[in-house]
Amino acid sequence: MAELINCPRCGSIYVENKFRDVCDKCNKDEDRLFREVYDFLRKRENRAASQERVMEVTGVTEDMLYKWVKKGRLQTRLFPNLGYPCDKCGKIISGGKLCESCSKDITNSLKNLEAQEDFAKKIRESQQGTYFTTNRDNK
Ligand SMILES: [Zn+2]
Ligand SMILES: [Zn+2]
């Protein structure tokens, strides 16, 4: 059954829709704004416009720009100055969920974890070895 939820932008109640995260009215507003932003960026001389410039000219908010870039509505391949914050540290990135250093951190801690497990396994094995040896010695 359809659920009624509050629009995170204007607070009005609307029927939940998995294709939209805001109400009808806000969605229309966003679409209009998106077209404006897109028209602006499409012009050759604006391709490399900074995010600040885009916001200034079109009145779009930072959050909206981030959302569009994240969803791939605005492609960083075409507009290299656009991006969105890393999930972890907030640094502006152009793809994935994390910036380079945060994903490196995660890979490293995973490696550490593996190394720790390896170490624990070796200890277990050597303890077993000792156990068997002493056992044999006692015979
Ligand atoms: Zn709304
Ligand atoms: Zn980061």
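Modeller: Of the 139 residues in the protein, 10% are buried, where buried describes a residue with 20 or more other C-beta atoms within 10 Å of its own, exposed one with 12 or fewer, and partly exposed one in between, the C-beta atoms being placed from the backbone. This is a predicted model, in which local features need pLDDT of at least 70 and side-chain atom pairs count only at pLDDT 80 or more, whereas totals for chains, interfaces and linings use all residues. Residues are numbered from 1 along each chain as its sequence is written, and chains are lettered from A and ligands numbered from 1 in the order in which they are written.

The protein holds four helices and four strands, which are DSSP runs numbered from the N terminus (helices being H or I with at least four residues, strands E with at least two). The part to look at is helix 3, residues 62–71, where L65, W68 and V69 are buried. These residues lie on the same side of helix 3 because they cover an arc of only 95 degrees around the axis, the arc being that of the directions from the helix axis to the C-beta atoms. On the other side of helix 3, by contrast, D63 and K71 are exposed.

The cover over the buried residues of helix 3 includes helix 1 (24–42), helix 2 (51–58) and strand 3 (84–85). After helix 3 comes G72, which has a positive phi, near 85 degrees.

Methods
Two residues are in contact if their C-beta atoms, placed from the backbone, lie within 7 Å.
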